[in-house]
Structures are given as C-alpha cells and as structure tokens.
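These notes are meant for a colleague who is opening this entry for the first time. Please read the points in order with the model at hand.

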Amino acid sequence: MAEPRKIIRSKDLSFWQKIYIPEIFKGLRITLSHIFKKKSTYMYPDERFKPPASFRGRPVLVEENGEERCVACGLCSRVCPALAIEVQASETELEKERYPVKFEINMVRCIFCGFCEEVCPEEAIVMSQNYELVFNSQEEAVFGKDKLLTPTTRLHDRLEFLRQYR
Amino acid sequence: MAKITVDGQQYEVDPKLTVIQAAAQQGIEIPHFCWHPKLSVAGNCRMCLVEIEKMPKLAIACATQVADGMVVKTKSEKVINAREAVMEFLLINHPLDCPICDEAGECKLQDYSYKYSVGYSRFEHDKVHKPKRIELGPRVMLDVERCIMCSRCVRFSDEIAKQPVLTFTQRGDHVVLTTFPDTQLDNPYSMNVIELCPVGALTSRDFRFKSRVWEMSSTESVCNGCARGCNTNIWVRNNEVLRLTPRFNDDVNSYWMCDEGRLNTFKFVNSEKRLSGPFVKKNGALTRVGWDEAIAEAVSQLKTFKKSEMAGIGSAYATNEDNYVFQRLMKETIGTKNVDVVPHVKEGDEDDILIRADKTPNMLGATEVGVKPADGGLSLKGILQGIADGGIKALYVLEDDIASIPEIAAVLPNLQLLIVHSSVQNKTTEMADVVFSCSTYAEKHGTLTNFQGRVQRIRPAVSTIEQDRALDGFSMSRWDKFASRNDRWGRPNKRDARPSWRIASAVASALGAKTRYNTAEDVFQEMATRIPAYKGLSYLKVGSRGAMIQHSSKTVSSRPTVSV
Ligand code: SF4
Ligand code: SF4
Ligand code: SF4
Ligand code: SF4
C-alpha cells in the first residue's frame, strides 16, 4: 500500500492571507514586472514563430534540380509507426531508375516522430519547420506530392542540421 | 547407410548424398548461393564451406560426398571466418541498390548479410560498374552489377528449360552475364530464373516496381492455366493481385511454373471487365439487380420448361465444390439428365516439363464429381445438337465462356433461356438472360483436381464484399491489419461476387431442395461421403500438397474434344 498523500497546502490560512489585500499586491507586482521584460507571445498570424533546425514539423519531400530525391523504396512507409505514408513506385528514365508516381502522407495519422526521415537512404524525406496544418476534411489531410515537394533551398537549415549526425 | 556427425550430432544418411543434401534432410541449413536441389552442382559461390575432420582445408558441402564416419562442423570458428570472407568478397562490388531493387525483402544476399557477414565494409575504392536495366528477354530484366555469378540461371536454362542461351563473358570482377549473340531468354519457363536468382540481378518485367514484397500478403493457391495445376502463391496488396510465384511441390511442379500461367492467369481477377453483381435481361438489356431478384428470376423461368428441355454445362475452370453442387442442382433438383462440360484443349501446346494441352485446371475433377450426362442424358454434342434442333430450350452454364467457341456461339441464339455464372463480362454473358457474378479462383475456398488425379486446395486471397479478411482467416499484410475506414487503403475495391457453389445452392433451395451448405468444406465433406473416389478425403488431408483420388478410367484424353 502506498503512503497516504501528504497535504501540501494547509487548510487554515494565516491572518494576512485571509484579508487578501497583500496577496493581490503580490500578484500585481509580478504582472507589472513583466511589462518591462521581453515578450514571449507572438502576434500570430502577423508575426510567426521560426522554429530551430531541430524542430520536427511536418515531413516533406526534398526536391533537387526539379526532381524528388525519393526513389520510392518504401522504407519510410514501412517504418512509419502510424502508417501515414503510402508510396507507389514506377520506372523513370533517370539514372535512379525508380521514382514515386504517388507519394502521400496522411497528416491526420502522422505523429511527427521523424522515423521516416531517419530511415530514408536518400535523405529524401525530412522534417520541415512547417507546423501550420489546417484542413476541413479527412481527404484534405492527405498530402500528395504537390504539397510535399519542397526545394532544397527552403530546407537548408534542416539539411545542415542533419549533416552533423551523419 | 553412412554414419556421419554434424555439429556433434550423429546421423545415419544415404551414402550417395552430398554433405549439403544430407544436412538439409536433417533440417540443418548450410548457407549457399549457387547450389540448388534441382540443378547440377557448380560449386562456385564458396558459401557452403564446412570443416570436415581429416581434410586439410575447408570443403564445399555441395560437392563433397558423405562417407562413413565423416565428422562435419558447420559452425566452427574457421567456418564462420570463411563465410565472412566469402560475404566480404561478394559485397565488394555489389551496388548499394537495395532501395531500388525488387528483390529486397526476399534477397538471399541481404539475409546472409545479416546472418553471416561482419556488417560493415572495409572497401574504400570505387566499385566496378556494369550494365544495368538490360532486357534479357521479353519477360526478364537483368542488372549485371547485382549478379554474384552463381550460374543458377545458366544451369536452369541449360538443364531444365533446355534453352542454353545464357553465359558469362569477361574475367575476374568484370564478369558479365549475357545471352549469346542474336538470342534472348524467351523460353516458356524463363521467369523461373527470377526466383532462382539469389539476388536482384534477374527480376520480372511485369512486376517491376509494382510493390515492395513486404507490402503484400501471400496466399497458397493453384494455377488455373492448365491441367498441371502448378502450386502457387498469390501476392495481393490492397485487394489487388500483383503477382504469382511458384510454390514447391515435388509431385506436381517441383519449384517451377510456366510464364504463361504466371502472367496470364491472374489479371482477369483485377480486370475492369469484372461484373459488378448479378444481372437480369429486361426489355432486351442486361440490368443490374439484387441477388434475391436474380435468383427468383432464374427460378421462375426454369419452372416454365420441361425437364428434357433443359441442359447444364459445368465448368472445367470452376472448383470441384462448384461442379458438385451444380450437378446436384441440375440432376436432382431440376431433374435433367443433360449435363456435360466443355473441354478446352490446345492440341500440340504441351511439353514434357509442365505444360499440358488441356488448358483447364479441373477437367478431371469436374467429370469425377458428376458433371457428365446421366444415364440416357445428352452429352455436349447432343446438347448442342438439341439446341440447334430446338429440343433443348434452356441452358444453365457454370463459369465458362462457351460463346467464345464459334460452333457453340452459332446455336446459342436458339435458346429461350440462358443462365450463366461468370466473373467477367464476356461473349456468353452478353447473350444471357440471367447472369450471376461469381467469385474467381482467387476469391474462394475449394479444390481443383489436376490431370494426375491430385486434389489440391485453393484459398481466397482477394476479398469480395461478403468477406472480411480478418474474420474469414485470410492471410493479411500489415496494411490489411491496421487499415481503418478513413484510410484510402482501408477501402479497397471489393466485388459483389459469390462462389458458384453458393449460388447454385441458393437456386436449388429456391426450387425446393433441402440441402444447405455453409462453407465449401461442407460441400467437400458431402462429396467425400457420396463420391467413391473422394472417400476418406478432407480439407485437412488435402493440406497444402494435395492428395490423390482413386479416379475412374474415363479421363480427359478419352473424351471427344472441342478445341479452344
Ligand atoms: S524512404 Fe526515402 S527514398 Fe524511400 S520511399 Fe521514403 S522518401 Fe522515398
Ligand atoms: S513523422 Fe513519423 S508518423 Fe509522421 S510520416 Fe514520418 S514516420 Fe510517419
Ligand atoms: S540484390 Fe539484394 S543485396 Fe543486392 S541490391 Fe538487391 S536487395 Fe540489395
Ligand atoms: S543472374 Fe542471378 S542466378 Fe544468374 S548468375 Fe547472376 S546471381 Fe546467379
């Protein structure tokens, strides 16, 4: 049997606590002191939070020279604990032979674990800094290649971050 | 008998065997690439090196015959080191292709890399590059970089398929597998090299990049391309058949199957031409109706004919269960004696390897379960004649596109009633008055009897709307297991089809028959009690390798034939 929980707050308030006035001033002092500190809120959506490179935003496909790096190996799809990814491979004339004709991530399923990024042999899927996900239906939440493809220039921070761990 | 010791355990084995064979018989696997139970011994991959006492060096288990008193070690340090060295050599120039390689997931080189290699590479130089994406023949793709020069494909083509077109050119790490000038790998068994190849050097052009192997479920089945009935696995993803592969059965097809069976016996299952459900002809046009309406329509129309005016044509494509229930419906419930089956024989299209001229998987089975004229009944010829003369007015056809045969198509318009079971839209369904959409062989339980008289099981791999993969015990892929309704892959394309035995049984019930079957196994159990040749058989006994029936002398070849 566990010990009975200790009561941390005493039931009986002291005289000064009972009359409230000093406590109100204590609270006001804290509030007022914050006026002179740096603000920690953002005026969203006019002002936006820029996450650090280690942030795991929604996974995106890396686009390089107008082509996706992905070779449709399906490893991300296999490793994804939430079964969010569907890949359909097909043949391409390019040297890589294989590319995804269809690549879909169901953003309702995705749990932002980053496993897909970790397993990818081509560094073709990475966690972006994008955290703004809005949809009106289940169907809309399934992101195809059109929404996923992101040029390397826009993924610079993350790609650099990943480089450290190679 | 020779007494040998393998890893400290004593065994008595046949002295004619090699060490690898003797070990395999005892359930000990000695790793190997080039050795194959059905091919000659090449001894070139060196993966099966084992330590044999009193021999100065390690010996290859595939080419060393056992001898009395032999002591073999397959797990000693020396052996392990040797294997690691062999793996290191094999991987030196092996491309890092697994992500784009169709073999990945069922690759011997991958598996052995996990089991028998050190797990890292010491090689720092550029790998040797060789030709990729070579069309070795109409059905097989070659990637020379991935080839480990085991020569299995060369030996298969020479020894089994008898088309010696493959060879190696160049030397050392520049060896290239190729075909002789002006030849290509195009024999009827060419695709067997795909499974034989231990790596992804030889892959299927048809299946190329369709799916990763781990995304599919695999179900034991039987090919319906000819009377051989090669044992197969059906590979399904998202309720769509993506490929067939041969399954070992030494009594039927060994490790092989023909390219025709592999490529052309499953596509109709996924086809656009599949019927969406039962149809009834209304004002001259086939109209989609519900099952109850179609059955009621068939029954009310059947009742308007005399027994002698009706005939039934069973199917050498349908299962024994389908044919059995069908012939009971025709002979016992409807009461006609005119029952027969249409043979589909392609004279001359056969060989002494696997391919049979009879292009149906169940001709022997159909006749054996009773799809043949009753005493005094009309045979196929008589039925066709009867239709032409106007004596036969109603015809009930099980799973067979009989109208694709011109001589039959010519007489069909004379009929007043044509009832058809079919899974796809075809010439016969277009002429029919009532069409029942039936399950294909990939969607139902049942048995087929091959030309030898071997009863073999088929199992559902693709689900119809009345089935549920989990509740009905299908083999399932990971996606099947975890799909939910709002996933796209959780809403696969399911057809409104039923197995023919169930449809025939429903028609019989509507006509007043008492017997009801819940499962195909129920039907089989009844067959086992009623048909002498099936005595003592059960689904359990048939298992995955099949079981022989005691068939009567009347076999396919002695029957009059109508060519396909
Ligand atoms: S793991 Fe990478 S290369 Fe493979 S399918 Fe996913 S994104 Fe494409
Ligand atoms: S982040 Fe995790 S859950 Fe999301 S797609 Fe990648 S592997 Fe799946
Ligand atoms: S043959 Fe095997 S090891 Fe080689 S690339 Fe293909 S899957 Fe990988
Ligand atoms: S192609 Fe495959 S089967 Fe043929 S020699 Fe090379 S590795 Fe062996």
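1. At 18% relative accessibility, B:Tyr116 counts as buried, where buried means under 20% relative accessible area, exposed over 50% and partly exposed in between, with a 1.4 Å probe and protein chains only. B:Tyr112 is buried as well, with a relative accessible area of 3%. Both tyrosines lie in helix α3 (residues 108–116) of chain B, four residues apart, which is about one turn of the helix; helices (H or I, at least four residues) and strands (E, at least two) are DSSP runs, numbered from the N terminus.

2. This is a predicted model, in which local features need pLDDT of at least 70 and side-chain atom pairs count only at pLDDT 80 or more, while totals for chains, interfaces and linings use all residues. Residues are numbered from 1 along each chain as its sequence is written, chains are lettered from A and ligands numbered from 1 in the order in which they are written, and side-chain values use heavy atoms, with hydrogens and water left out.

3. Over all chains the structure holds 18 aromatic pairs, a pair being two rings of Phe, Tyr or Trp (its six-membered ring) with centres within 6.5 Å, called stacked if the planes are under 30 degrees apart, edge-to-face if over 60 and tilted for the rest. The rings of B:Tyr112 and B:Tyr116 have centres 5.2 Å apart and planes at 75°, so this pair is edge-to-face. B:Arg83 lies over the face of B:Tyr116, at 5.1 Å from the ring centre; for such a contact, NZ of Lys or CZ of Arg must be within 6 Å of the ring centre and within 35 degrees of the ring normal.

4. B:Phe524 and B:Tyr534 are both buried. Their ring centres are 5.8 Å apart and their planes stand at 80°, so this pair too is edge-to-face. B:Phe524 belongs to helix α15 (residues 520–530) of chain B and B:Tyr534 to the loop between α15 and α16 (539–542), so the pair ties together parts that are ten residues apart in sequence.

5. In chain A, ring pairs link A:Tyr42, A:Phe49, A:Phe55 and A:Tyr131 into a cluster. Back in chain B, B:Arg356 lies over the face of B:Phe451, at 3.7 Å from the ring centre.

6. The surroundings of ligand 3 include B:His94, B:Cys98, B:Cys101 and B:Cys107, and its shell divides into six nonpolar, three polar and one charged. For ligand 4, B:Cys147, B:Cys150, B:Ser151, B:Cys153 and B:Cys197 come nearest of the 14 residues around it, and the shell divides into twelve nonpolar, one polar and one charged.

7. Is A:Asn136 buried or exposed? At 70% relative accessibility, A:Asn136 counts as exposed, and its place is in the loop between β5 (125–127) and β6 (142–143) of chain A.

Key. Near = heavy atom within 4 Å. Nonpolar A, V, L, I, M, F, W, Y, C, P; charged D, E, K, R; others polar.
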